[in-house]
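Okay, thanks everyone, let's get going. Have a look at the model on the screen and I'll talk you through a few spots.

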Amino acid sequence: MGDFLKLKVRWNNKILQITVKPQDTLADLKDMIYVITNIEPHRQNFPNLPTSANLWDDDYLLQDLDVNPDFVLEMADLLCEPLPSTSTAEPSYDFIDFSGFNTMLQPSNVHAGSGDQLVFDIKGFKSLSSPRHGKKLIVLDVDQTIYDYLGPTRHLAGRPFLHEFLAGVYEDYDIGIWSATDMITLENKMEALGMTTHPDYKLLFLMDKYYMITIPMEGQMVRVKPLDSVWAKYRQFDKMNTIMCDDLKRNFYLNPRNGIVVSPYSYKAHHKDDELLDLLSYLKTIANCDNFAALDHSSWKK
Ligand SMILES: [Mg+2]
C-alpha cells in the first residue's frame with residue numbers, strides 16, 4: 001500500500017473521493033466527511049463497510065480496509081430517510097484531498113479500555129432527567145469552566161458558588177453538561193462535585209468528547225462542540241433558547257451567537273473567584289428573552 005489511500009464514499013447520489021493516510025482511523029474519516037457534508041460523525045453509518053468494523057468502531061484503522069480501487073463506501077445519515085435506490089445515472093464527483101493537512105487532524109480520543117469503558121465512551125451521551133416544559137437550555141463545559149482538574153481537593157476543584165449557580169440557573173434553564181473528556185471521567189467528576197445528587201437542581205444530560213467534531217479553523221483542524229448535536233436529541237431546543245458557556249470560545253465556533261465565554265477557572269484563585277455569580281446574574285437577565293441568538297453575548301460582563 002502506498003502512502004495514501006483514496007476512498008470513494010457515496011452519499012446523496014454523489015461520490016466523494018477522499019484521500020486519507022493509512023494510519024487514519026474511521027473517526028478521522030468521519031471528521032473529513034463532516035467537513036464536506038455537514039453530517040455529524042455520530043450520524044454517519046456505513047452499511048457496506050467490508051469488515052467487522054461498524055458504526056461504533058471509531059479506532060478502526062483505514063489501512064486495514066481490504067478493498068479494490070473500485071470499491072465505493074456507502075454512507076447514510078442515521079437521522080434522515082434511507083438513501084433512494086441506486087440511480088442508473090452517472091453520479092457526480094467531488095474530489096476532496098485531505099492529505100495536505102491531514103497531519104493536523106487530531107486522532108480520535110476514544111480509547112480502547114475495557115469493554116465496559118468502550119461502551120461508555122462510544123455512547124457519548126447520557127440522559128439524567130426529562131426536559132421541563134417552558135425552560136431554556138444551558139450547555140455547560142466542565143474543565144476550567146466549573147472545575148479545575150488540577151485542584152488538590154474536591155473543595156478547591158469545584159468553582160466557587162457552583163451549587164448556588166446551578167440551583168439559580170435551574171429555575172429558568174434545563175442544564176446539560178458537555179465535556180471534552182470520556183463519559184466515565186465526566187460521570188466521576190459530576191459525582192465528586194455532588195452535581196448528580198444535589199437536591200436543588202437536576203442535570204438534563206451529559207455529553208462527552210464523542211460528540212465533538214473536527215473542523216478547519218484558521219489553518220488548523222480543531223475540535224468543537226456543535227449544538228446541532230444537542231438539538232437533534234431535544235427538538236424543543238434550538239438557537240432561540242439555548243446558551244453554551246465555555247472557557248474556550250472555539251468550542252462554539254459553529255454557534256457563535258449562542259455562546260458565552262467565561263474566564264478560565266484556576267483553583268489557585270479560588271478565594272477570589274466569583275465568575276459564576278456574575279454568570280448567574282447575566283443568565284437571569286436574559287432568561288425571558290425570546291431569541292438568544294439575537295443578543296450580543298460578547299459583552300455579558302459589562
Ligand atoms: Mg473547558
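Let's start at Phe 161, which counts as partly exposed because its relative accessibility is 33%; buried here means under 20% relative accessible area, exposed over 50%, and partly exposed in between, with a 1.4 Å probe and protein chains only. Phe 161 sits in the loop between α3 and α4, and its phi is positive, about 70 degrees, although it is not a glycine. As a reminder, most residues other than glycine have a negative phi.

Quick housekeeping. This is a predicted model, so local features need pLDDT of at least 70 and side-chain atom pairs count only at pLDDT 80 or more, while totals for chains, interfaces and linings use all residues. Residues are numbered from 1 along each chain as its sequence is written, and side-chain values use heavy atoms, with hydrogens and water left out.

Now, which other residue has a positive phi of about 70 degrees without being a glycine? That's Gln 144, in the loop between β8 and α3 (154–157). Gln 144 is buried, because its relative accessible area is 16%. Leaving out residues up to four places away in sequence, Gln 144 touches Tyr 149, Arg 159, Asp 247, Ser 263, Pro 264 and Tyr 265, where contact means heavy atoms within 4.5 Å. Its C-alpha is also 9.1 Å from that of Tyr 267, 123 residues apart along the chain.

Asp 247 takes us to the metal. What coordinates the magnesium ion? Asp 141 (OD), Asp 143 (O) and Asp 247 (OD) do, at 2.1 to 2.2 Å. Along the chain, those donors follow the spacing D-x1-D-x103-D. Donors are N, O and S atoms within 2.8 Å of the metal (3.2 Å for Na, K and Ca), and water is not among the atoms, so sites may look incomplete. Asp 141 counts as buried because its relative accessibility is 6%.

Zooming out: there are 7 helices and 14 strands, taken as DSSP runs numbered from the N terminus (helices H or I, at least four residues; strands E, at least two). Of the 302 residues, 51% count as buried. Among contacts between residues at least 6 apart in sequence, 72% join residues at least 24 apart.

On to packing. A nonpolar core is a set of buried Ala, Val, Leu, Ile, Met, Phe, Trp, Tyr and Cys residues joined through side-chain atoms within 4.5 Å. The largest one has 36 residues, and Ile 138, Phe 165, Ile 177, Met 195 and Leu 283 have the most contacts inside it. Elements giving two or more residues to this core include β8 (136–140), α4 (162–170) and α7 (275–286). Phe 165, for one, touches Ile 138, Leu 140, Leu 276, Leu 279, Leu 280 and Leu 283, again not counting residues up to four places away in sequence. Apart from this core lies another, of 20 residues, among them Val 9, Leu 49, Tyr 60 and Met 75.

That's my tour; happy to take comments.
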